[in-house]
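Please keep the sequence and the model at hand while reading.

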Amino acid sequence: MSCYRIAVISLKGGVGKTTTTTALGATLATERQDKILAIDANPDAGTLGRRVRRETGATIRDLVQAIPYLNSYMDIRRFTSQAPSGLEIIANDVDPAVSTTFNDEDYRRVIETLGRQYPIILTDSGTGLLYSAMRGVLDLADQLIIISTPSVDGASSASTTLDWLSAHGYADLVSRSLTVISGVRETSKMIRTEDIVQHFETRCRGVVVVPFDEHLAAGAEVDLDMMRPKTREAYFNLSALVAEDFLRAQQQAPQGHWGAPQQPQASQQPHQPHHQQQMPPQQPYGQPQGQPPYQQPPQQPQPQPQPYGQPYPQPGQPWQQPPAPQQPQQQPPQPQHPPRDPRLG
């Protein structure tokens, strides 16, 4: 297993679970520029496949059948559809009589296979907690996101979900979970959203309020550019909260798991996984990762300066002050990346 797994769950249907999965995945894909995948594990005719333009009729059941032959990213790509954000999804069958065959064992095999190619995987789970695949969803989850609505009924169902999980061996997962209060209307006076937020803040790691948005309410393809600014900001904040957990997952990961620390070799820098929250200074293009800083030719002994003026010595070796400059130093070419928010890792 080599990925970070996010499970989005709710006891009730129609509360924004699939919308949250898609919007969160699209935001992560846009901001992190990683390969992000969302899969539909709903046994009751999931609708995740309707949130992006379908590029294939293949479903997650087809992928299960093909697992023995999936050895590369392009092998898997034949089963996914990709949104403009870069988010990829694997749809489920629209026929409930067929999709119920996707069970716990199938889910674990799918995650094991997909985790070799995708660093972050989101699971749009079904409603309820007792269907077969849900055991695997909860057991493998690094991050749990519970969806609530700004109503007494919705908040009560979400709170009951947390109670059940805590009573069945998932108390640690609950304490690290996030709650999304979805579809909050600014003009609503039936219930104080602040009261719901305060309740879940005592039970979860964080709470995000997502305002009502006409684009998302349509239930069609999700386009980040079509969202209201406040809605897009809410999903950005949710992404930042998710990213805050990456470091914990890396530290607790066994060897070979997503983010597991690698043993550095004598002639290399320690490998830095690309999911950690604090990214190291970027190396110039054309320079292999883990190698010493680029040195000028002998006639120009002045070494290239490291970003922010910090030296980058070899592991276990003291930094040697470079010779006095003989000519003005040259700046290394800078990667042509857009700036990224540090909260997203």
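## Ala91 and its surroundings

Leaving out neighbours up to four places away in sequence, Ala91 is in contact with Asp40, Gly49, Arg54, Thr59 and Ile60; contact means heavy atoms within 4.5 Å. Ala91 is located in the loop between strand 4 (88–90) and helix 4 (96–99). Helices (H or I, at least four residues) and strands (E, at least two) are DSSP runs, numbered from the N terminus. With a relative accessibility of 1%, Ala91 counts as buried. Buried means under 20% relative accessible area, exposed over 50%, and partly exposed in between, with a 1.4 Å probe and protein chains only. The C-alpha atoms of Ala91 and Leu48 are 6.0 Å apart, while 43 residues separate the two along the chain.

## Basis of the model and the whole chain

The model is predicted: local features need pLDDT of at least 70, side-chain atom pairs count only at pLDDT 80 or more, and totals for chains, interfaces and linings use all residues. Residues are numbered from 1 along each chain as its sequence is written, and side-chain values use heavy atoms, with hydrogens and water left out.

The protein chain has twelve helices and eight strands. Of its 345 residues, 50% count as buried. Among contacts between residues at least 6 apart in sequence, 76% join residues at least 24 apart.

## Helix 1 against helix 11

Helix 1 (residues 17–32) packs on helix 11 (residues 229–243) at an angle of about 75°, and their axes are 9 Å apart. Axes are lines fitted to C-alpha atoms, for helices over the stretch in contact, and angles run from 0 to 180 degrees between N-to-C directions. The two helices, helix 1 and helix 11, are therefore roughly perpendicular to each other. Angles under 35 degrees count as roughly parallel, over 145 as roughly antiparallel, 65 to 115 as roughly perpendicular and the rest as oblique. Helix 1 brings Thr19, Thr20, Ala23, Leu24, Thr27, Leu28, Thr30 and Glu31 to the contact, and helix 11 brings Arg232, Tyr235, Phe236, Leu238, Ser239 and Val242. By class, this contact of helix 1 with helix 11 has seven nonpolar, five polar and two charged residues. Ala, Val, Leu, Ile, Met, Phe, Trp, Tyr, Cys and Pro count as nonpolar, Asp, Glu, Lys and Arg as charged, and the others, Gly among them, as polar.

Pro229 is part of helix 11 and counts as exposed at 68% relative accessibility. Its C-alpha atom is 9.9 Å from that of Asp213, 16 residues away along the chain. In the loop between helix 1 and strand 2 (36–41) is Gln33, whose phi is near 60°, a positive value in a residue other than glycine. Most residues other than glycine have a negative phi. Gln33 counts as partly exposed, at 44% relative accessibility.

## The second largest pocket

Which residues lie nearest the centre of the second largest pocket? They are Gly14, Val15, Gly16, Thr19 and Ser182, out of a lining of 30 residues. On a 1 Å grid over the protein atoms alone, a pocket is an open set of points where a 1.4 Å probe fits, with protein on both sides within 12 Å along at least five of seven lines; lining residues have an atom within 4 Å of a point. The volume is about 520 Å³, taken as the space filled by probe spheres set on the points, which are joined across faces, edges and corners. Helix 1 gives the largest share of the lining, three residues. The lining divides into nine nonpolar, 14 polar and seven charged residues.

Thr19 lies in helix 1 and counts as buried at 11% relative accessibility. Beyond four places in sequence, Thr19 touches Arg51, Leu216 and Tyr235. Gly14, in the loop between strand 1 and helix 1, is exposed, with a relative accessible area of 87%.

The axes of helix 7 (residues 152–167) and helix 9 (residues 193–201) come within 11 Å and cross at roughly 0°, which makes helix 7 roughly parallel to helix 9. Ala155, Ala158, Ser159 and Leu162 of helix 7 meet Ile196, His199 and Phe200 of helix 9.

In helix 6 (residues 132–140), the buried residues are Ala133, Met134, Gly136, Val137, Leu138 and Leu140. The elements that these buried residues pack against include helix 7 and strand 5.
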